[in-house]
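The entries follow the order in which I looked things up.

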Amino acid sequence: MAGSTVQRNAGLTYRLDVTSTAHTAVLIDDNTNDQVNYTSFLNAGSKACSISWSPTSTVPTPSMGTDGAGGTYVLPGGMTSPLILATPTTPYYLSAITASTETTTLYVTPAADQS
């Protein structure tokens, strides 16, 4: 089917209500016997958020970055379709944060190899 993207979900979808305080680390896990090292991210809110992950529950605090300095991966607000990123093999832990006084809703789904 031309112009479409297939996403092979490999687990439950997790919802994170993201604020300017780093979200408590959430365990992202699959429900398959396959090695899963992709994750689908959908920022349904209008504000950008930054994500960070780790194979342990000690996740580095995500950062939106500052002018001229790097931060962790930022997902734009108002996404209309998910973005699939290579991530650590499940299970892994994820945290997210927004800029000061902002909030957003992030949906996270483990995804199987797309081939």
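**Entry 1**

I began with β2 and β7, which pair in the antiparallel sense over three bridges; strands here are DSSP runs (E, at least two residues; helices are H or I, at least four), numbered from the N terminus, and two strands pair if DSSP finds at least two bridges between them. Within this pair, Leu27 stands opposite Tyr93 in β7. I noted that the model is a predicted one, in which local features need pLDDT of at least 70 and side-chain atom pairs count only at pLDDT 80 or more, while totals for chains, interfaces and linings use all residues. Residues are numbered from 1 along each chain as its sequence is written, and side-chain values use heavy atoms, with hydrogens and water left out.

**Entry 2**

I found another open sheet of four strands, with the order β1-β8-β3-β6 and antiparallel pairing. Here β1 and β6 are the edge strands, each pairing on one side only, and the twist averages 30 degrees from one strand to the next. Five bridges join β1 to β8, and in this pair Tyr14 stands opposite Val108 in β8. Strand β3 (residues 38-43) pairs with β6 over four bridges, also in the antiparallel sense, and Thr39 stands opposite Leu85 in β6.

**Entry 1: the two faces of β1**

Which residues of β1 are on its covered face, and which on its uncovered one? In this strand (residues 14-18), Tyr14, Leu16 and Val18 form the covered face, whereas Arg15 and Asp17 form the uncovered one. For accessibility I used relative accessible area (buried under 20%, exposed over 50%, partly exposed in between; 1.4 Å probe, protein chains only). Arg15 is exposed at 51%, and Asp17 is partly exposed at 45%. The side chains of Asp17 and Arg15 meet in a salt bridge at 2.8 Å, N to O, and the structure holds one salt bridge, by the criterion of a side-chain nitrogen of Lys or Arg within 4 Å of a carboxyl oxygen of Asp or Glu.

**Entry 2: the interior**

I next looked up the largest nonpolar core, which has 16 residues, with Leu16, Phe41, Ile51, Leu94, Leu106 and Val108 having the most contacts inside it. Such a core is a set of buried Ala, Val, Leu, Ile, Met, Phe, Trp, Tyr and Cys residues joined through side-chain atoms within 4.5 Å. At least two residues of this core come from each of β1, β2, β4, β7 and β8. Not counting residues up to four places away in sequence, Val108 touches several residues, including Leu16, Ile28, Phe41 and Leu94, where contact means heavy atoms within 4.5 Å.

Ala96 is found in strand β7 and counts as buried because its relative accessibility is 0%. The C-alpha atoms of Ala96 and Leu16 are separated by 8.0 Å, although these residues are 80 apart along the chain. Among the residues that Ala96 touches are Leu16, Val18, Ser50, Ile51 and Leu106.

**Entry 3: a buried serine**

**Entry 4: backbone features in loops**

The peptide bond from Thr90 to Pro91 is cis, with omega near 0 degrees, and Pro91 is found in the loop between β6 (83-86) and β7 (92-97). Thr101, in the loop between β7 and β8 (104-111), has phi near 65 degrees, a positive value in a residue other than glycine. At 74% relative accessibility, Thr101 counts as exposed.

Note on methods. Axes are lines fitted to C-alpha atoms, for helices over the stretch in contact, and angles run from 0 to 180 degrees between N-to-C directions.
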